[in-house]
Amino acid sequence: MTGQQFFYFMYQFHCLRIPERLHLMPHSAHAILQMLADCETNDLPDPCLNAKCMARRLGVTPPMVSRTIRHLRERELIIVEPDPYDRREIRMRLTQNGRQALQEDQQRLDTLMDRAMSHLPPQAAEQFLAAFSQVIDNLKEEIEKMPDSDFDFTHKRRS
C-alpha cells in the first residue's frame, strides 16, 4: 500500500463522521470520564487526576483539559471538589450521569464496530486491529524522528 492510498483510506474514515453520527461526546471528554471510571474501578487511593497530569496522559495542553473539565462539570457529568489534604488541588469523580453517559457512548461505538467487524472472520478482525495499532505507533515514531517537524503529539507548536 502506498502512502497516498493509506492517507485516502484515513480520509474516507474521517469523512464517515462517526462521533457526530453516533452523537458521541468529544474524545477529550470521553477520555477524562474513562480515566475517572478507571480510578473508581481500580480503587486507586490517590490517583493522578489534575489537569496537568491528564493533559500529559492525553497528549494535549492543560488549558484544553481545564476547558473539558469545566464542560463536564456544567453538564453534571463530574463533581469537582477541593482536595481535603491540599486546598490548592482538586479531586474529581464521576456522577451517576457521567457513568451513564460514558457507558452509552461505549455501547453505541461497540455496537457499530461489532456490526462492521462481523463481516470479517474473527482472526482477520484481530489481525487488522493489531496491524493498524502497530502502523499508528510506527507513524508516531517516524514523525518524531523528522528533524524539521514542527508538530508533536501534544498539539503544541515547537519553538
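Tutor: A residue is called exposed over 50% relative accessible area, buried under 20% and partly exposed in between, with a 1.4 Å probe and protein chains only. This is a predicted model, in which local features need pLDDT of at least 70 and side-chain atom pairs pLDDT 80 or more, while totals for chains, interfaces and linings use all residues. Numbering starts from 1 along each chain as its sequence is written, and side-chain values use heavy atoms, without hydrogens and water.

Student: In what order do the elements of the chain run from the N terminus on?

Tutor: The secondary structure comprises seven helices and two strands, which are DSSP runs numbered from the N terminus (H or I, at least four residues, for helices; E, at least two, for strands). Read from the N terminus on, the order of these elements is α-α-α-α-α-β-β-α-α.

Student: What share of the residues in the chain is buried?

Tutor: The count is taken over the 159 residues in the chain. Of these, the buried residues make up 25%.

Student: With which residue does the side chain of T68 make a polar contact?

Tutor: T68 belongs to helix 5, which covers residues 62-74, and with a relative accessible area of 8% this threonine is buried. Leaving aside residues up to four places away in sequence, T68 touches S28, A29 and I32, where touching means heavy atoms within 4.5 Å. A polar contact is a pair of N or O atoms within 3.5 Å, and within protein one must be able to donate a hydrogen and the other to accept it, with residues adjacent in sequence counting only if both atoms are side-chain atoms. At 3.2 Å, the partner of the T68 side chain is S28.

Student: Which residue forms a salt bridge with E81, and which elements does the pair tie together?

Tutor: A salt bridge places a side-chain nitrogen of Lys or Arg within 4 Å of a carboxyl oxygen of Asp or Glu, and the structure holds six of them. For E81 the closest N and O atoms are 3.3 Å from those of its partner, R93. Because E81 lies in strand 1 (residues 78-82) and R93 in strand 2 (residues 90-94), the pair ties together parts 12 residues apart in sequence. E81 is partly exposed at 32% relative accessibility, as is R93 at 39%, so the residue asked for is R93, and the elements tied together are strand 1 and strand 2.

Student: Which residues are linked with K145 in a network of salt bridges?

Tutor: K145 and E141 meet through their side chains in a salt bridge of 3.9 Å, N to O, and about one helical turn separates them because they are four residues apart in helix 7 (residues 122-145). K145 counts as exposed at 53% relative accessibility, while E141 is partly exposed at 47%. The network joins K145 with E141 and E142.
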